[in-house]
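Hello,

Here is the structure for your files. My notes on it follow below.

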Amino acid sequence: MTTKPFSDLAFPGFEFSSATPIDALNIEVQEFVYPRLGTRHVHLASAQDENVFLVALRTVPTDSTGVAHILEHTVLCGSQRFPVRDPFFMMTRRSLNTFMNAFTSSDWTAYPFASQNQKDFYNLLDVYLDSVFFANLHELDFAQEGHRVEFEDPVSADSPLVYKGVVYNEMKGAMSSPVSQLWANFTRHLFPSSTYHFNSGGDPEEIPNLSYEQLKDFYAKHYHPSNALFMTFGNIPAKDLQEQIHEKVLQHFQEPARPAVVKPERRYFAPLQVKEAYPLPPGEDRDAKTHIVTGWLLSESADLHNNLEAHLLTNVLLENSASPLMQALETTEFGHTPSSLCGLEDSYREMVFVCGLEGSESQHAEAVEAMIISVLERVAEEGVAEEKVAAVLHQLELSQREISGDSYPYGLQLILAAMPPVLQGGNPAETLDIESALQELRESIKDPGYIKQLVRKFLLDNPHRVTLTMAPDTELEARREQYTKYLLDGLHNALGEHDKQQIVEQANALQERQQQKDLEDVLPKVTLEDVPEEMVIAEPSALSSNVTCFAQGTNGLVYQQAVCALPALDSDDMRMLPLLSYCLPEVGAGDESYLDLQEQQSAFTGGINAYWEVKGTVDSEQDCTGYFVLSGKALQRNQQQLISLVKKMLLEARFDEYERLHELVSQLASRREQSVTSNGHGLAMAAATSGLSPAASVSHRSSGLEGIRWIKELDKQLDNPKELENLAARLQTLHGKIIANPIQFLAIAEEANLTEFQNAIRNSWTDKRASMDQRLQLPSTRIHSQVGWITNCQVSFCAKAYATVPSSHSDAPILTVLGHYLRNGYLHRAIREQGGAYGAGAGQDSGNAIFRFFSYRDPRIEGTLEDFNGAVSWLLNEEQEEVALEQAILGVVSSIDKPRSPAGEAKSAFHNGLFGRTPEQRRDFRSRVLRVSLEDLRRVAQTYLQGQPSSIAVVSGDGAKETFEKIGLEVQRL
């Protein structure tokens with residue numbers, strides 16, 4: 001890829017180190033160093049237009065006050081050259097970015113962004129560089145983003161004191177999850193002396209101990225170019241990027257600083273067994289709710305050979321249900337399901353291997369540990385068949401070759417994969433190009449003793465082992481709240497009049513700062529003139545009666561989907577769809593058991609999964625269609641095996657392996673319940689919208705809070721063998737209804753292989769099916785509801801919904817822009833900055849013809865619901881600006897134009913087409929977004945929101961019940 005002399009690749013001051021092409025990833029890894037300060041720059045040169053930037057700093061906390069996390073927030077609140085209060089969120093509105101964020105990990109903090117527009121990229125680069133290295137760190141921003149004490153009534157010094165702060169509330173929400181508490185407790189014991197002993201995000205009990213001076217000291221120590229790593233991806237030359245980095249940052253630092261270092265952990269000489277507790281709501285049954293995990297501290301993660309060996313061993317033991325340790329964990333009577341922590345953590349300096357169970361009892365701890373050790377000893381004695389180990393290597397090869405990018409930009413995924421090892425001193429090219437290392441492993445696994453040796457090296461002969469038992473305690477949360485009240489009451493009693501006045505004055509000053517109007521023109525921006533005229537949509541290369549083909553640059557992978565239109569189903573069938581989707585790829589088919597098929601999936605595919613989708617048409621949200629999809633991918637050489645497996649699994653699935661079925665229901669119930677703390681806003685919106693369209697109703701009843709409650713209850717019933725047999729029969733019947741109708745296919749491959757792939761699908765699927773008698777028909781609904789859901793959570797998630805119009809209506813694009821406008825201009829300030837929630841927003845769901853407001857990890861309920869109304873009043877009663885409208889439109893267009901992976905682009909085009917969202921309709925929608933006016937926004941707000949009936953749903957903890965009843969919400973308990 002490099003055509004210039006190496007000496008011409010670097011900007012003066014930088015020295016070129018190496019250039020390594022990686023053909024499998026279509027990149028060249030170029031390494032540079034800035035010797036005067038010791039700063040590294042790794043550039044992944046690519047032909048892609050989507051350029052990515054990331055700067056990472058080694059941040060090493062020595063307590064659990066969340067200093068690195070709070071600093072990440074505060075750094076983005078104004079800098080020397082951009083002294084506005086909120087440049088990060090302002091730039092999200094003045095940009096065509098495809099990604100903007102900041103991350104705090106256990107031992108690093110990173111600031112990444114991506115854009116397809118070079119003007120926009122350089123704008124963001126300018127702001128990011130100044131924000132990270134020249135942050136203002138205003139004390140009031142620390143109070144807003146981190147923590148502060150205020151009087152419950154901010155102007156009354158006689159009212160009780162309360163803790164506030166965005167990160168404080170974010171972490172209260174994050175640490176509501178038992179799995180988050182399990183990991184925090186486990187690492188605290190596994191790492192007795194290093195930075196991983198602490199909660200880098202912040203423990204809510206410890207966050208109030210962080211002072212403003214400590215924050216500034218941490219910044220001075222860690223935010224220096226000598227402690228920084230720059231990583232970039234795309235078609236902008238490294239030299240051009242370095243010119244900006246030098247001009248904006250490096251030339252302003254004269255002296256190098258000592259980089260932060262994570263020391264190796266002090267090793268245990270004997271295994272450790274510990275017990276902890278986690279809160280459970282009062283009155284809830286504590287049976288079978290204990291977590292038991294066993295884990296080991298392994299070797300250095302930056303050692304590529306050791307790293308790949310650890311991944312190999314982990315996957316051999318845990319990859320699927322046919323893997324020896326996973327099979328033992330899934331089938332044991334000591335617990336309900338394998339722990340969510342099962343696997344390898346390799347982002348720390350030293351790797352961590354964890355396995356265990358959830359849904360157990362404390363008295364089983366020794367038996368669980370003994371069972372795990374017994375499985376490992378059996379593997380160390382008997383080994384594992386070479387073909388099973390080869391299947392694991394096949395998965396590593398496939399994961400390297402696949403061009404992803406449907407969640408994060410592809411370039412950012414590569415950067416994030418390489419960054420932790422590079423921060424530990426590793427070689428980025430070696431980390432990304434594992435082909436030679438894989439070849440070494442292919443030779444090693446020919447030795448029957450190889451896996452046996454790895455089990456002993458990493459696990460059995462390693463005494464640094466911790467077994468943690470974490471049991472539920474129905475009184476723990478009350479004791480914590482009592483202790484917090486004790487601290488705040490003590491602080492209140494110790495306050496003098498001057499102290500009280502200072503608290504009141506700080507609250508007033510913060511409110512004034514939040515209300516101030518910044519001069520946004522100091523920030524760079526793009527305008528509507530910078531928006532590309534055309535919307536790029538993948539076009540099929542070939543169409544036939546039942547196979548739609550897309551030629552995409554898939555880097556040697558093929559993707560197949562078998563798609564069944566949903567027939568007429570009753571409400572019970574619809575509720576069962578998520579369970580059928582989850583179970584079908586995990587059960588046996590024909591004469592093969594689920595274990596046989598798990599092994600074949602691992603050996604020949606990159607995974608096969610099922611899902612369902614139900615949506616309204618472009619013209620009516622009440623007229624719904626739906627599809628059941630079985631989707632798989634494989635390397636091109638394995639395309640016939642993929643086709644055969646998809647066919648067998650779809651047509652011959654059977655649900656008569658009863659113990660397996662029970663395991664799957666338990667796994668799904670556990671995963672769904674754990675999703676509440678991370679997806680509470682999504683679940684609240686699903687509940688709020690559930691009566692307003694048929695598809696929204698189905699979503700809430702099957703996958704939302706009603707669905708979670710149903711699957712939890714079903715799981716309890718399956719201890720009865722008759723109930724289990726009945727469930728198997730119901731699933732088999734539903735499966736039969738779905739596959740009785742014509743099946744259509746999606747095929748995605750490289751152009752040179754597409755015809756062969758298409759013909760292989762046609763030749764394999766020769767059976768002809770009669771046309772469908774009756775497609776899915778759901779009853780119309782437009783019912784409003786007001787409901788409060790009680791879950792095990794310390795914060796709230798609020799949602800409000802209004803009936804609007806479907807996507808073909810001329811007001812749908814206007815409502816879409818309105819969501820961005822209200823979030824940018826009102827909701828962010830009122831709910832996040834002033835209210836202390838981690839996030840808030842609004843948006844139009846045209847598929848269901850619903851406009852939704854939401855908040856995320858929110859300390860308030862009533863105030864937030866009032867703010868939803870306040871946003872509409874603000875729009876209608878206060879003067880609005882054209883520049884704010886342009887920013888909202890830019891945000892919508894940016895989300896519409898966000899690129900996907902090559903396969904993702906094809907899937908998006910195909911599935912949009914299934915629901916009548918043709919390229920012409922999508923392009924027309926985008927063009928109408930670009931023509932929205934302020935008068936349009938006011939009109940649709942008056943038409944659909946102001947004074948109109950609405951639905952409300954709030955997800956919160958036990959303490960919210962009184963509030964629910966006070967504001968007239970129907971109380972439901974998960």
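The axes of helix 19 (residues 571-583) and helix 25 (residues 705-717) cross at roughly 70° and come within 11 Å. Helix 19 is therefore roughly perpendicular to helix 25 (65 to 115 degrees counts as such). On the helix 19 side the contact (heavy atoms within 4.5 Å) is made by Arg575, Met576 and Leu579, and on the helix 25 side by Glu706, Trp710, Ile711 and Leu714. By type, the residues of this contact are 5 nonpolar, no polar and 2 charged.

This is a predicted model, in which local features need pLDDT of at least 70, side-chain atom pairs count only at pLDDT 80 or more, and totals for chains, interfaces and linings use all residues. Residues are numbered from 1 along each chain as its sequence is written, and side-chain values use heavy atoms, with hydrogens and water left out.

Beyond its neighbours within four places in sequence, Phe133 is in contact with residues including Val55, Leu57, Tyr219 and Phe253.

Thr332 sits in the loop between helix 10 (324-331) and strand 13 (337-338). Leaving out residues up to four places away in sequence, Thr332 touches Leu357 and Met371.

Regards

Note on methods: Helices (H or I, at least four residues) and strands (E, at least two) are DSSP runs, numbered from the N terminus. Axes are lines fitted to C-alpha atoms, for helices over the stretch in contact, and angles run from 0 to 180 degrees between N-to-C directions. Angles under 35 degrees count as roughly parallel, over 145 as roughly antiparallel, 65 to 115 as roughly perpendicular and the rest as oblique. Ala, Val, Leu, Ile, Met, Phe, Trp, Tyr, Cys and Pro count as nonpolar, Asp, Glu, Lys and Arg as charged, and the others, Gly among them, as polar.
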